[in-house]
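Biologist: I would like to go through this model term by term. Show me the structure, and I will ask what stands behind each word.

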Amino acid sequence: MLLVFQGQRVSQMAPLPGAELVQKPLQLYRYLLRCCRQLPTKGIQQHYKHALRQSFRVHSDEDNPERIQQIIKRAIEDADWIMNKYKKQN
């Protein structure tokens, strides 16, 4: 995906290949766990795995397909932000 920000072209990539294939909550969960494995330290990985589990528990009763797709889209965007955050620090 290519974005234009303040007159400059900025490339925005998903944190791992396959983000565009995520359609179901279980696929999202597995995808996000793979993203966690890419984080730099075990402590950071455990923090985000815990947050991931908590988020899935909170939304486990969601049955609206449109809302589920919104959650999936937002979760992938958030994962992208987190992955970029730690990539810049290293």
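Biologist: What makes α1 roughly parallel to α3?

Modeller: In this predicted model, α1 and α3 pack at an angle of about 5°, with axes 11 Å apart. Axes are lines fitted to C-alpha atoms, for helices over the stretch in contact, and angles run from 0 to 180 degrees between N-to-C directions. Under 35 degrees counts as roughly parallel, over 145 as roughly antiparallel, 65 to 115 as roughly perpendicular and the rest as oblique. The angle is about 5°, so α1 is roughly parallel to α3.

Biologist: Which residues make the contact of α1 with α3?

Modeller: From α1 come P25, L28, Y31, L32 and C35. From α3 come I68, I72, A75, I76, A79 and M83. Contact means heavy atoms within 4.5 Å.

Biologist: Why is C35 called buried?

Modeller: C35 sits in helix α1 and has a relative accessible area of 3%. Buried means under 20%, exposed over 50%, partly exposed in between (1.4 Å probe, protein chains only). At 3%, C35 is therefore buried. Its C-alpha atom is 6.7 Å from that of L16, 19 residues apart along the chain.

Biologist: And I82, buried or exposed?

Modeller: I82, in helix α3, has a relative accessible area of 17%, so I82 is buried. I82 touches L39 and Y48, leaving aside residues up to four places away in sequence. The C-alpha atoms of I82 and Y48 are separated by 9.5 Å.

Biologist: Why is F56 called partly exposed?

Modeller: F56 belongs to helix α2. Its relative accessible area is 24%, so F56 is partly exposed. Beyond four places in sequence, F56 touches P25, L28, Y29 and L32. P25 is 31 residues away along the chain, with 8.5 Å between the C-alpha atoms.

Biologist: What is the largest nonpolar core made of?

Modeller: It has 21 residues, and L28, Y31, L32, L39, Y48 and I76 have the most contacts inside it. α1 (25-37), α2 (42-58) and α3 (65-89) each supply at least two residues. α3 gives the most, with eight. A nonpolar core is a set of buried Ala, Val, Leu, Ile, Met, Phe, Trp, Tyr and Cys residues joined through side-chain atoms within 4.5 Å. In soluble globular proteins, nonpolar side chains tend to be buried together.

Biologist: How many helices and strands does the protein chain have?

Modeller: Three helices and two strands, in the order β-β-α-α-α. Helices (H or I, at least four residues) and strands (E, at least two) are DSSP runs, numbered from the N terminus. Of the 90 residues, 30% count as buried.

Biologist: Which element has the lowest mean pLDDT?

Modeller: Strand β1 (residues 2-5), at 39, while α2 has the highest, 97. pLDDT is the predictor's confidence in each residue, from 0 to 100. The chain mean is 85, and 82% of residues reach 70 or more. Over residues 1-13, pLDDT stays under 50.

Biologist: What ground rules apply to the numbering and the values?

Modeller: Residues are numbered from 1 along each chain as its sequence is written, and side-chain values use heavy atoms, leaving out hydrogens and water. Local features need pLDDT of at least 70, side-chain atom pairs count only at pLDDT 80 or more, and totals for chains, interfaces and linings use all residues.
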